[in-house]
Amino acid sequence: MPRFEDSFRVNAPRPRVWALLDDPARVAACVPGCEEVTAEGADRFRARLRVKVGPIATTQQLTLTVTERTAPVRLAAIGQGEDRGLASRVSLRSAVELREAADGAATDVTCRVEIQLTGRLATLGEAVMRAKSEQMVRAFAGRLAAAIGTAAAEITPTGERPGTG
């Protein structure tokens, strides 16, 4: 199962970032390609995700289950999706971890995703999936910052300070 990880900093306090991440409708608006999310219980959701991966466009019908919610530190979920038109399936595990930074004025966010693909999508290979994953995490970071009210330019890779990287 390929694993991807990326980190970034948001110039907002951790409780403010957590409040957004713990709201499925608000976080769905930050996920590139997420067209719809519907709650099926406190920790179970259905989502439709439309993404172009390399030469292939896919619309995944996902079922997501929150497996861990430790406020305001960690949110983890598992999911499965299917694109019948491509005869492809995706299974994923994801986690978002928040660490206080800059004496509480900022939050370091780490996103980890493990993806397993079958069918036509599996033929794309790990290099293509890694590039797409990195692109989606960067877009997620910008949308998360915008939703919190922080300028996207203020997001920096974890470990770097604005203006040094």
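This note goes through the fold, the strand pairs, the salt bridges and the cysteines of the structure above.

1. Basis of the model. This is a predicted model, in which local features need pLDDT of at least 70, side-chain atom pairs count only at pLDDT 80 or more, and totals for chains, interfaces and linings use all residues. Residues are numbered from 1 along each chain as its sequence is written, and side-chain values use heavy atoms, with hydrogens and water left out.

2. Confidence. The pLDDT is the predictor's confidence in each residue, from 0 to 100. Its mean over the protein is 87, and 90% of the residues reach 70 or more. Residues 159-165 have a pLDDT below 50, and beyond near neighbours in sequence this stretch has four contacts in the model (contact means heavy atoms within 4.5 Å).

3. The sheet. Helices (H or I, at least four residues) and strands (E, at least two) are DSSP runs, numbered from the N terminus. Two strands pair if DSSP finds at least two bridges between them. Seven strands make an open sheet in the order β1-β7-β6-β5-β4-β3-β2, with antiparallel pairing. Strands β1 (3-10) and β2 are the edges, and each pairs on one side only. From one strand to the next, the twist averages 20 degrees. As background, strands of a sheet pair through backbone hydrogen bonds, either parallel or antiparallel.

4. Helices on the sheet. Angles run from 0 to 180 degrees between N-to-C directions, and axes are lines fitted to C-alpha atoms, for helices over the stretch in contact. Helix α1 (residues 14-21) lies across β1, β4 (56-70), β5 (74-83), β6 and β7, at about 160 degrees to β6. Helix α3 (residues 126-148) lies across β1, β3 and β7, and runs at about 25 degrees to β1.

5. Two strand pairs. Strands β6 (residues 88-101) and β7 (residues 106-118) are antiparallel and pair over 13 bridges; Arg89 stands opposite Thr118 in β7. Strands β2 (residues 34-39) and β3 (residues 44-53) are also antiparallel, with five bridges. In this second pair, Thr38 is opposite Arg46 in β3. The hairpin of β2 and β3 has four residues between the strands, and Gly41 takes a positive phi near 150 degrees there.

6. A salt bridge is a side-chain nitrogen of Lys or Arg within 4 Å of a carboxyl oxygen of Asp or Glu; the count comes to 16. One of them joins Glu36 and Arg48, with the closest N and O atoms 2.9 Å apart. Glu36 lies in strand β2 and Arg48 in strand β3, so the pair ties together parts that are 12 residues apart in sequence. Another joins Arg44 and Glu40 at 3.7 Å. Arg44, at 37% relative accessibility, is partly exposed, and so is Glu40 at 39% (buried means under 20% relative accessible area, exposed over 50%, partly exposed in between, with a 1.4 Å probe and protein chains only).

7. A salt-bridge network. Glu68 and Arg74 meet in a salt bridge of 2.7 Å, N to O. Through shared partners, salt bridges join Glu5, Glu68, Arg74, Glu97, Arg99 and Arg112 into one network.

8. Cysteines. A disulfide is a pair of cysteine sulfur atoms within 2.5 Å, and a search of the whole structure finds zero. For Cys30, the nearest cysteine sulfur is that of Cys34, 10 Å away. For Cys111, the nearest is that of Cys30, 11 Å away. Cys30 is buried, with a relative accessible area of 2%, and Cys111 counts as buried at 7%.
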